[in-house]
Amino acid sequence: MKILTPDETRAALHGFGLDQPSGVGFAFLDPSRNTFYDWHAHDYHQLVYAIDGPSQIETRAGRYVLPAGRAAWTPAGLEHRTLISTSRGAALYFSPEMVTDTSERIRILVAEPLMREMILHATRWPRGASEVDPLASSFFRTLALLCREWLEAELPLFLPGATHPAIARAMDFAAGDLASASQAGAAAAAGMSERSFRRAFTRETGMSWQAWLGQARILTAMGLLTEGRRVTDVAAEVGYASLSAFAHAFHKLTGEQPASFRRHHLPAARAVQ
């Protein structure tokens, strides 16, 4: 995993031209893999579609999991960090004039077939194309109108974040290896005793460390299942030795059994591979 510094993140965005947006909208296909971009913001609204694997987006409020076949909306000006894993993603950018959004929060969206196909079609138009190509301009204007409707529906794929540096370090520690993450290890990463860590974590997030870790594991599992991974393999990868315990925890958060979730969402993920 390559973790970029603030300067490296700014340099990468500049190299891609994302710090100089133009036109009503444009598309960008990030070539990076296993890269963690530091805190940054975009002048344009961003709509990211996860083509074939999960990614994570973090704001000051918390972390969002973006499974394959889902889209994430980030309003213009919202500071965030992005973890690009081994998956491919398509990002569209819209001028703030095209979509009014003062929510100041990320939204994870169900990518229905129309959204998916329009996003993938739009990837042919890079930055600047909508200024010279009437078709590109018209297409992005239509997409912007549809975005207003899509934003009304979102998925609860969210984990509370932390402003306390020590608690944030503990969260990064857990996200790096959910299967082996423990309270003792998280407390060590935070530089606290376990007792102090438990209190500080609950005060910062409104939930216990164990509840946060369990939710992080299930949200990650959702992304892995949409990749077509076997339920037993996913359960072990996110830290469950017992398949029944995994199924119980998964159902409690999502209202669905892992195998059922995999069966329902796998066709959408395969359709874009």
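**Cavities and pocket of a predicted model**

**View 1. The largest cavity has a volume of about 330 Å³.** Of the 27 residues in its lining (those with an atom within 4 Å of a point), D30, Q46, V48, T82 and I84 are the closest to the centre. A cavity is a set of points on a 1 Å grid over the protein atoms alone where a 1.4 Å probe fits but cannot get out; its volume is the space filled by probe spheres set on the points, which are joined across faces, edges and corners. The model is predicted: local features need pLDDT of at least 70, side-chain atom pairs count only at pLDDT 80 or more, and totals for chains, interfaces and linings use all residues. Residues are numbered from 1 along each chain as its sequence is written, and side-chain values use heavy atoms, leaving out hydrogens and water.

View 2. Helices (H or I, at least four residues) and strands (E, at least two) are DSSP runs numbered from the N terminus; the chain holds 11 helices and 11 strands. The lining of the largest cavity comprises 15 nonpolar, 9 polar and 3 charged residues (nonpolar: Ala, Val, Leu, Ile, Met, Phe, Trp, Tyr, Cys and Pro; charged: Asp, Glu, Lys and Arg; polar: the others, Gly among them).

**View 3. Strand 8 is covered on both faces.** H80, T82 and I84 lie on one side of strand 8, R81 and L83 lie on the other, and all are buried (under 20% relative accessible area, with a 1.4 Å probe and protein chains only). Thus 5 of the 5 residues of strand 8 are buried. Across the chain, buried residues account for 53% of the 273 residues.

**View 4. Strand 8 pairs with strand 3 and with strand 5.** Strands count as paired if DSSP finds at least two bridges between them. Strand 3 and strand 8 run antiparallel and are joined by 4 bridges, with H80 of strand 8 as the bridge partner of H40. Strand 5 is also antiparallel to strand 8, over 3 bridges, and Q56 stands opposite L83 of strand 8.

**View 5. The largest pocket has a volume of about 690 Å³.** Its lining numbers 26 residues, of which M1, Q56, L83, A175 and G176 are the closest to the centre. A pocket is an open set of points with protein on both sides within 12 Å along at least five of seven lines. Strand 3 (35-40), strand 5 (55-58), strand 6 (62-66), strand 8 (80-84), helix 5 (165-176) and helix 8 (209-226) each contribute at least two residues to the lining of this pocket. The lining of the largest pocket divides into 12 nonpolar, 7 polar and 7 charged residues.

**View 6. The second largest cavity has a volume of about 70 Å³.** Q56, R63, V65, L159, A175, L178, W212, A216 and T220 line the second largest cavity. Strand 6 and helix 8 are the elements that give two or more residues to this lining, and helix 8 gives the most, with 3 residues. By type, the lining of the second largest cavity has 6 nonpolar, 2 polar and 1 charged residues. The count of cavities of 30 Å³ or more comes to 2.

Technical notes: Buried < 20%, exposed > 50% of the residue type's maximum accessible area, 1.4 Å probe, protein only.
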